[in-house]
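User: I am new to this structure. Please show me how to read its features, step by step.

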Amino acid sequence: MACFIKNLMHAKVSLVATAFAVVTVLAGCSTQESANTISQATLMQWEDSINNIIGKMTLEEKVEMLHGKNMFSSAGVPRLGIADIEYADGPFGIREEMEPHGWNTAGLTTDSATYFPTGSALAATWSNEMAYEYGKAMGIEARLRGKDMMLGPAINIQRIPTGGRTYEYLSEDPVLSAALAVGYTRGMQEQDEAVCLKHYAVNNQENFRGQVDARVSPRALREIYLLPFQRAVEDAGAFGVMAAYNKVNGRWCSENYELENTILRQQWGFKGIVISDWGGTHSTVDALCAGLNVEMPGKTYLGKALLDSVKAGAVSDSVINERVRELLRLRMAIKPVSKTEANKQMTSQPQQQKTAYEVAKRSIVMLKNTDVLPIDPARIKRIAVIGALATEKTAQGGVGAGVKALYEVSPLEGIRKAFEGKAEVVFAEGYKRFEREMRFKRQSPIQEPDNALIEEATKVATGADIVLFFAGTGREVETEGSDRETIMLPMGQEKVAERIAAANSNMVTVIVSGGPVDMSKVEPLSKALLMSWFNGSEGGNALADVLFGKVAPSGKLPFSIPMKLEDNPAYALGVYPQKTDGKGGDVFVNLVNREKSNEAQAGPVADYKEDLLVGYRWYETKNVAVKYPFGHGLSYSTFEYSDLSVKNEGNGDVRVTFNVKNTGKRDAEEVTQVYVSRPDSKIERPKKELKGFCRTALAAGKSEKVAITIDHRDLQHWSTASNGWELEKGAAVISVGSSSADIRLTGNTSL
């Protein structure tokens with residue numbers, strides 16, 4: 001079917017006015033400090049100039065723009081003074097310069113970047129301001145490298161605890177993910193660096209990611225999986241989107257007309273570009289007509305094959321011109337950096353390093369504390385640090401993007417620096433590091449411990465005043481390209497913990513991971529339990545400051561930690577992991593199936609049978625107990641909530657105000673969370689859903705009034721009957737608390 005005919009057919013689809021969940025937070029909880037001046041309209045300022053440029057271009061020059069020129073660039077039009085578009089791999093640090101046509105390093109000395117805390121760590125801050133500063137810092141460093149577009153943020157929903165990219169993604173909750181995506185996008189694009197939101201859409205697993213068909217209902221698609229993308233496009237003016245490897249409801253994301261045109265461009269008003277994930281293009285006519293602008297990194301489909309398709313009449317000139325127009329809008333909006341100016345100074349700069357520290361210190365989650373933390377140097381003179389993860393650097397590892405970090409402070413280095421002159425710090429490895437024998441060889445990290453290492457660790461623990469045991473995963477266990485088979489602690493860590501605790505009961509366990517792990521064995525053995533994430537260049541310093549009490553922990557879990565993996569909804573319903581007939585190829589080797597035909601690539605189906613009940617929505621609605629709930633995180637201080645007021649604003653918005661008092665003896669920050677329940681709803685809903693949050697800094701003994709206004713659109717649901725957003729009238733319960741399970745105040749209103 002000719003592309004222009006197909007466009008006319010799709011144009012008959014009714015356009016729905018799009019409203020969606022927006023949380024407006026007042027009293028110091030705005031999404032950013034500066035006014036947002038960037039929107040989709042920003043890209044529309046140069047249409048006359050673009051028309052003039054397109055009129056001067058040959059067909060060959062147009063097609064040349066629609067595929068990769070090098071591994072991380074696509075072509076401009078030198079004859080007309082249009083520069084190439086330079087892409088920067090991310091999303092938690094600017095990847096080192098690569099050779100033009102491969103994955104090998106270019107060998108520069110100025111491309112060492114700041115390693116920022118990964119996605120789940122950023123989300124654990126529950127801070128729009130931190131997300132904004134994070135994006136700003138990344139944008140500054142990308143511009144030093146001459147980049148036009150950052151391949152990030154990564155904002156897919158954390159559907160399964162074992163997901164290989166859980167550490168890159170933000171949260172199991174769409175409202176939290178959306179708010180942070182907006183902050184990140186605004187911060188970066190204000191530095192003249194375009195974002196490329198990824199991976200659009202429903203990329204929630206790595207196993208068979210290049211084959212799997214995610215089957216999700218229209219309502220769950222809109223309310224859960226698309227919400228972060230919609231927010232970043234509509235509220236923050238995101239300039240770019242990356243199509244995911246997988247299929248959604250039967251069509252590859254790179255040629256999915258509903259996703260790329262009906263929803264993204266027509267309903268959300270997106271004016272920017274869509275690029276494929278690397279090797280994720282599967283067709284010529286379908287991909288271009290669906291809305292794909294750039295095939296990366298090669299030209300299998302949008303090179304000569306596209307020229308032939310145009311000449312054969314399968315693709316119209318108007319469609320080619322529209323894809324080129326969208327690219328030129330981006331090129332006009334983002335001023336290119338001259339190659340003579342790029343990479344002249346070191347990428348990592350002190351101000352960005354400070355941002356990495358500020359994010360890291362707010363991300364650390366204290367899950368448990370029986371008065372053993374913070375460590376008091378007056379009482380503690382010998383500290384045993386045990387565990388290979390205490391010395392492991394996480395800027396690189398596994399499969400996928402990493403950061404050539406200028407430096408990375410490990411936990412052990414941070415602890416030794418903080419306690420220098422105050423306490424003796426001794427170290428024992430405890431267990432072997434997990435290392436893949438081959439880049440794409442599957443090997444289980446669940447292995448027996450090394451007895452010699454255990455004996456050494458036991459001796460070190462015996463003579464210490466306190467033991468800091470480092471357990472978790474590392475970047476070789478959590479990796480792009482494959483999901484974990486289990487959330488059990490690897491490398492015999494549980495047995496190591498048992499032996500250490502038997503030798504010294506004063507044990508604190510620090511979990512180094514990007515996603516949930518099973519803590520059922522180590523939690524009872526530990527007097528305190530922390531999550532310190534893959535926490536960036538300054539992660540070791542931030543952790544030491546929390547352990548020492550210089551900083552009160554204030555991170556909150558961005559996901560639920562289940563009692564066991566089988567409690568997760570996708571596992572409980574038996575829809576993950578998918579079964580295959582063995583013809584799909586190895587998960588690691590065959591990351592992307594590049595065959596052209598949809599039918600020829602019938603792969604496993606991911607049935608999103610849990611629908612809306614992702615994460616805490618499932619556990620609470622189904623009354624399934626969890627180890628630690630969504631939003632949980634303790635402090636060295638305590639907080640008292642009071643004086644709840646719920647007021648309808650007349651336009652459908654609901655204003656929630658309450659007082660929070662720091663009743664402890666330490667200055668601290670508290671993240672307050674607002675949930676909404678609809679007890680009399682006629683449609684299926686979760687027990688309650690997050691609708692707002694606010695991070696507030698409080699001096700000891702001080703209180704502050706917090707105001708959170710929930711926009712009326714955030715109270716709507718997606719109606720399949722009307723194919724649009726609707727507000728169901730009726731009673732609503734407003735719950736305010738410190739986590740999804742720790743509700744301090746409740747109020748009622750009518751919508």
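Predicted model: local features only at pLDDT ≥ 70, side-chain atom pairs only at ≥ 80, totals over all residues.

User: How is a pair of packed helices described?

Analyst: Two packed helices are described by the angle between their axes and the distance between the axes. Take helix 15, residues 451-462, and helix 16, residues 493-503. Their axes come within 8 Å and cross at roughly 30°. Angles under 35 degrees count as roughly parallel, so helix 15 is roughly parallel to helix 16. Helix 15 passes helix 16 in a right-handed crossing.

User: Which residues of helix 15 and helix 16 meet?

Analyst: Helix 15 brings I454, E455, T458, A461 and T462. Helix 16 answers with V496, R499, I500 and A503. By class, this contact has five nonpolar, two polar and two charged residues.

User: At what angle do helix 13 and helix 18 pack?

Analyst: Helix 13 covers residues 350-363. It packs with helix 18 at an angle of about 45°, and the axes are 8 Å apart. The two helices are therefore oblique to each other. Their crossing is right-handed. On the helix 13 side, the meeting residues are Y357, A360 and K361. On the helix 18 side, they are G539, N541, A542, D545 and V546. Sorted by class, the contact holds four nonpolar, two polar and two charged residues.

User: How do the axes of helix 5 and helix 6 lie?

Analyst: The axis of helix 5, residues 128-144, comes within 6 Å of the axis of helix 6, and the two cross at roughly 35°. This crossing is right-handed. From helix 5, the contact takes N128, A131, Y132, Y134, G135, K136, M138 and G139. From helix 6, it takes A179, L180, G183, Y184, R186, G187 and M188. These residues divide into eight nonpolar, five polar and two charged.

User: Now the empty space. How is it found?

Analyst: Rolling a probe the size of a water molecule over the atoms shows where empty space is left. Here the count comes to eight cavities of 30 Å³ or more.

User: What is the volume of the largest cavity, and which residues are closest to its centre?

Analyst: Its volume is about 200 Å³. The largest cavity is lined by 19 residues, and E223, E689, K691, D714 and Q716 are the closest to its centre. Four elements each supply at least two lining residues: helix 6 (174-189), helix 7 (218-225), strand 23 (668-677) and strand 24 (689-698). The lining has nine nonpolar, two polar and eight charged residues.

User: What about pockets? Which element gives the most to the lining of the second largest pocket?

Analyst: Of its 29 lining residues, S73, E86, E97, K147 and K339 are the closest to its centre. Strand 4, residues 85-89, gives the most to the lining, with four residues. By class, the lining divides into 12 nonpolar, five polar and 12 charged.

User: Last, the backbone. What should I look for?

Analyst: Most residues other than glycine have a negative phi, and most peptide bonds are trans. Look for exceptions. A cis peptide bond joins G152 and P153, with omega about 5°. P153 sits in the loop between strand 5 (149-151) and helix 6. Another cis peptide bond joins Y200 and A201, with omega about 10°. A201 belongs to the loop between strand 6 (194-200) and strand 7 (213-215).

User: Where is D371 found, and what is its phi?

Analyst: D371 lies in the loop between strand 12 (365-369) and strand 13 (382-386). Its phi is near 65°, a positive value in a residue other than glycine.

Note on methods: Residues numbered from 1 in each chain as written. Heavy atoms only, no water. Axes fitted to C-alpha atoms, helices over the stretch in contact; angles between N-to-C directions. Parallel < 35°, antiparallel > 145°, perpendicular 65-115°, else oblique. Left-handed = near helix turned anticlockwise from the far one by under 90°. Contact = heavy atoms within 4.5 Å. Nonpolar A, V, L, I, M, F, W, Y, C, P; charged D, E, K, R; others polar. 1 Å grid on protein atoms, 1.4 Å probe; cavity = no way out; pocket = protein on both sides within 12 Å on 5 of 7 lines; lining within 4 Å. Points joined across faces, edges and corners; volume = space filled by probe spheres on them.
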